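This briefing concerns a single predicted model. Please consult the sequence and the coordinates alongside the text.

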Amino acid sequence: MSYIANTESDRNRMLKEIGAESTQELFDSIPSALQLDGLLELPGPLSEIDLRQRMHKLAGKNSSFAGHACFLGAGIYDHYIPATVPAITGRSEFFTSYTPYQPELSQGNLQSIFEFQSLICELTGMDVANASMYDGASALAEAALMASSITGRTEWVVSSCVHPAYRDTMRTYAWASGCSVVEAERTGLLTDITSISGLVTEKTACIIMQTPNFFGAIESLPSMESIAHRNNAIFITCYDPISLGMLKPPGDFNVDICVGEGQSMGIQTEFGGPLLGLFACKREYVRHMPGRLVGVTTDTKNQRAYTLTLQTREQHIRRERATSNICTNQALCALAASVYLTTLGRQGMLHIANLCLQKAHYAADRISALDGYSLPFRSQFFKEFVIKTAIPISEINKRLLDNKIIGGLDLGRSYPELENHMMICVTELRTKEEIDFLAEVLAQ
């Protein structure tokens, strides 16, 4: 009776209704060896003070960024989060609200989403942005599906320099939708333009690039854009929003659809989630865009009002007509990104991007000067770079962790030909002292 209000009489009535003799009968399909026999061996109750101390002790067994310098990136990044972000996202009217199914009662929430869309358009130079998606991987796969919807074609050409997890997600979408994924080769850490050109056929719905790519290298977009549009295919790019503080936006390269992962903008790493999918496109393709868009209009009193302008999700229209069956509005994460962008502004974004660039190049110079380490590829890079080592990456990372350093990614896991190659990430949070200490431990 402490937690379940049903009386014995209530339970008997329910059992009689479904034709069961006892509650135990409901669990007879579970082998008896797997059923709990007796009470769980749990510790007794604790006072609030004792409970807090116990939880802190248990949490202390985990390693965290608070006590470790992180040089691991590969899609989720340790960037500084201004105090304004949790101050706003922690407010109950945002933190506890759900998706705005009743627009007339959700004006504040809708306005925050509208501002998010507007900020993403400013950041990317694109015409229209949607009200966010789950993450960068699903956003990219949805973009490929959108390209097939626009062109009526079923083949997706993607660079092998695109994040491996993103390509895996694309293959899942392709399998389920009757499409196919064709991967272009790379030269060094950059997409092989000749390979891309040779793979494009009359079946090609889109060409997909990422810049900075998975390796942190900056790709050349104009040549790829030319190949795509010359063959009447959709040109899709995936971007790091922090890099747009100093790099030209996708809209400057005649990109049709651009997507990205917004975790860098005010969202904690949190064991890998939640994340924030960014999605923007040219105005002419807005009717094919997955998810939904918040618009602004005037009401019957001629006052500004926010609306769900396009709602092409399966929850709103017939499933077969929906532009997407797996997307949502990550309103709280989108709000965090909005507060982050508003707090930093143009100059702040430029400053953060420049810090990442300068610190990453300083780290690359320090490490490549060590015996046993080298920079095998000389591509231009933003905040991530690849080093070649003389010993296995697993051994190096174990030694680094012993010194409270979270090392880089072992590229051999996704690219077997890059065995003993480590990808290191340096954000604005890494200090000169931390970078120098990393070099010292690597030298040992």
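The structure is a predicted model. Two packed helices are described by the angle between their axes and the distance between the axes.

**Packing of H10 with H12**

- Helix H10 spans residues 331-368 and helix H12 spans residues 432-443; their axes come within 10 Å and cross at roughly 25°.
- With angles under 35 degrees counted as roughly parallel, H10 is therefore roughly parallel to H12.
- The crossing of H10 and H12 is right-handed.
- On the H10 side, the contact is made by Lys 359, Tyr 362, Ala 363, Arg 366 and Ile 367.
- On the H12 side, the partners are Lys 432, Ile 435, Asp 436, Leu 438, Ala 439 and Leu 442.
- Sorted by class, the residues of the contact of H10 with H12 comprise seven nonpolar and four charged, with no polar residues.

**Packing of H11 with H12**

- Helix H11, residues 393-402, packs against H12 at an angle of about 125°, and the two axes are 10 Å apart.
- H11 and H12 are therefore oblique to each other.
- H11 and H12 form a right-handed crossing.
- Ile 396, Arg 399 and Leu 400 of H11 are in contact with the H12 residues Leu 438, Val 441 and Leu 442.
- The residues of the contact of H11 with H12 are five nonpolar and one charged, and no polar residue takes part.

**Packing of H6 with H7**

- Helix H6 (residues 136-151) and helix H7 (residues 164-177) have axes that come within 8 Å and cross at roughly 40°.
- H6 is therefore oblique to H7.
- H6 passes H7 in a right-handed crossing.
- H6 contributes Gly 136, Ala 137, Ser 138, Leu 140, Ala 141, Glu 142, Ala 144 and Leu 145 to the contact.
- H7 contributes Tyr 166, Thr 169, Met 170, Tyr 173 and Ser 177.
- By class, the contact of H6 with H7 holds eight nonpolar, four polar and one charged residues.

**Cavity and pocket**

- The count comes to one cavity of 30 Å³ or more.
- The largest cavity has a volume of about 220 Å³.
- The largest cavity is lined by 20 residues, of which Gly 75, Tyr 77, Gln 210, Pro 212 and Asp 240 are the closest to its centre.
- The lining of the largest cavity divides into nine nonpolar, seven polar and four charged residues.
- The largest pocket has a volume of about 620 Å³.
- The largest pocket is lined by 27 residues, and the closest to its centre are Phe 65, Thr 269, Glu 270, Phe 271 and Gly 272.
- In the lining of the largest pocket there are 13 nonpolar, 10 polar and four charged residues.

**Backbone geometry**

- The peptide bond from Thr 211 to Pro 212 is cis, with omega near -10°.
- Pro 212 lies in the loop between strand S7 (204-210) and helix H9 (221-230), and Pro 212 is also among the residues closest to the centre of the largest cavity.
- Gly 273 and Pro 274 are joined by a cis peptide bond with omega about 0°.
- Pro 274 belongs to the loop between strand S9 (257-261) and strand S10 (277-281).
- Ser 132 is not a glycine, yet it has a positive phi of about 75°.
- Ser 132 is placed in the loop between strand S2 (128-129) and H6.

**Individual residues**

- Leu 357 lies in helix H10.
- Leaving aside residues up to four places away in sequence, Leu 357 touches Met 246, Phe 381 and Phe 382.
- Leu 357 and Ile 193 are 164 residues apart in sequence, and their C-alpha atoms are 25 Å apart in space.
- Asn 420 is in the loop between strand S16 (409-410) and strand S17 (421-425).
- Not counting residues up to four places away in sequence, Asn 420 touches Ile 387, Lys 388, Thr 389, Ala 390, Ile 391, Pro 392 and Ile 393.
- Asn 420 and Ser 160 are 260 residues apart along the chain, with their C-alpha atoms separated by 19 Å.

How values were computed
Residues numbered from 1 in each chain as written. Predicted model: local features only at pLDDT ≥ 70, side-chain atom pairs only at ≥ 80, totals over all residues. Heavy atoms only, no water. Axes fitted to C-alpha atoms, helices over the stretch in contact; angles between N-to-C directions. Helix = DSSP H or I, 4+ residues; strand = E, 2+ residues; numbered from the N terminus. Parallel < 35°, antiparallel > 145°, perpendicular 65-115°, else oblique. Left-handed = near helix turned anticlockwise from the far one by under 90°. Contact = heavy atoms within 4.5 Å. Nonpolar A, V, L, I, M, F, W, Y, C, P; charged D, E, K, R; others polar. 1 Å grid on protein atoms, 1.4 Å probe; cavity = no way out; pocket = protein on both sides within 12 Å on 5 of 7 lines; lining within 4 Å. Points joined across faces, edges and corners; volume = space filled by probe spheres on them.
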